[in-house]
Amino acid sequence: MKRDRSPGVKLFLAAIIGVVLLIPLLMVYALVGDRENQSRTAQQSITAGWGGAQTVTGPVLVIPYEDQSVQTETVDGKQVTRSVTVRREMFLSPLKQSIKTDLAPDVKQYSIYRSVIYQSDLSGLASFVLPTDLDRSGVGRDKLLFDQAELRFGVSDPRGLTDGTTVTVAGDVQELHPGNGPASTNGSGFSTAVNWDGSGELAVNWKYGLRGSRSISLVPRGGETEWKVTSPWQHPSFKGSFLPDNPEVSEEGFTANYEGITNLALGEALVNLSDAPAPIIEDGSGRDAEYYASVAADNSQTKFASIRLIEPVDLYSQVDRSVKYGFLFIGFTFVCFFMFDVVAGARVAAAEYLLTGVGLVLFFVMLLAFSEVIGFTWAYIVASFAIIGLLTSYSAAVLGGWRRAWMIGGMLTGLYATLYVLLSLEAWSLMIGSVLLFVALAVLMYATRNIQWSGLTGSQDETEAAAADS
């Protein structure tokens, strides 16, 4: 009578099949990334013509001045040095400024894709004072061309500017010109000429409407900056170089106050001979958005404060994290099949291991597909019930009875429930997962303590016959 394989060989074959199944699992992981990129492209199409993620900065007073520069030329084969007058620019930040922003968010949807957009109203007050120690910056007061001074306002995506933009300087409404914004918004924004002789304090009031999507960021300038943001959006995310002081977030929305951002914290003087560069801002969504946003804030030469209007659940991040637990589903299910095989006497073929594993991998494909349509939670319920029902029915045939199949179904139900808890408790997921693995290993070691892994399995009669023959 043909003998069965030894338990050790069966375990080895099951492990090989499990490793092979990691290939389609990795393909599912890549599929999540591809769908996420497709979602971002769709979101950009949704917000086209409305305005992207906005970065704004308050007014910067730019005053040209004359400077002497030494130039060397070759005349008749000889080096000739001469002094020429060149025009340069001095950038004066406000001594103090306060900005108020009201965000009115909305969700715009096309097909299965959605993106958060907003309409905002910004207003502010700034005061400029020419420092008494201006000479220390290398610029003499007598060299300043006050009649050519201008105020520059930064808006990273000026497509979002709406009607009603006004700038008042010393009580006079100014004529505005497009473009020529600060370098912190890559030159985008608007500007206005200023009539100021450098004496006393220059008071500036402004307001404008701005449309955008996903996030709004502020580049603080000056001796002290205050920024107050209010919105009915219930799910803000505060990122960047500065965080708000005691933000209030409730079902009615949020209020964020950034108070006392000083030039000492910014590491910038009030007077500069070159403009601050654009900051590195990661405003997007995705699996690693939180990490890259913090890295961008740390590595950005120009400091900023950023508020993201995020969705309550980032489904691609959730699906991505669940796929990373896929090997646990395959491992636990294969262990159960193996135990029924070597302990309870059920015969599980390699093909049956493979088909069961394919069903487990299919769960993550269904989870991704349904999440884009009905949301992550309902997609998780639909996909898990479908796969549990499928594998429970299949196990009844493989393991030779419904009693064993119900045990497989119960084990899968516990696994899917545990995974959902792990996805919800991100901070505790590693600890809970390690405890579960420890318990599973302890149960496995106890259940297989009497198995002779290198021996052949068979009936007691075959064993006694073999002993008699010997």
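Predicted model: local features only at pLDDT ≥ 70, side-chain atom pairs only at ≥ 80, totals over all residues.
How many Å should the 25 residues of helix α6 span, and how far apart are its end C-alpha atoms?

**First stop: helix α6.** Select residues 350–374. At 1.5 Å a residue, helix α6 should span 36 Å, and its end C-alpha atoms are 36 Å apart, so the two values agree. Next, select G375, which comes just after α6 and takes a positive phi of about 95°.

**Second stop: helices α7 and α8.** Select residues 376–398 for α7 and residues 402–424 for α8. The axes of the two helices come within 8 Å and cross at roughly 160°. Because an angle over 145 degrees counts as roughly antiparallel, α7 is described as roughly antiparallel to α8. The crossing of α7 and α8 is right-handed.

Now display the side chains where the helices meet. On the α7 side, the residues in contact include F376, Y380, I387, I388 and L391; on the α8 side, they include W402, W406, L412, Y416 and L423. By class, the contact of α7 with α8 has 15 nonpolar, seven polar and no charged residues.

Select strand β4, residues 113–129, and find S127 within it. Is S127 buried or exposed? Its relative accessibility is 13%, so S127 counts as buried. Leaving aside residues up to four places away in sequence, S127 touches P94, L95, K96, E201 and L202. Select these residues together with S127 to display the contacts.

Definitions and conventions:
Residues numbered from 1 in each chain as written. Heavy atoms only, no water. Axes fitted to C-alpha atoms, helices over the stretch in contact; angles between N-to-C directions. Helix = DSSP H or I, 4+ residues; strand = E, 2+ residues; numbered from the N terminus. Parallel < 35°, antiparallel > 145°, perpendicular 65-115°, else oblique. Left-handed = near helix turned anticlockwise from the far one by under 90°. Contact = heavy atoms within 4.5 Å. Nonpolar A, V, L, I, M, F, W, Y, C, P; charged D, E, K, R; others polar. Buried < 20%, exposed > 50% of the residue type's maximum accessible area, 1.4 Å probe, protein only. Expected span 1.5 Å × (residues − 1).
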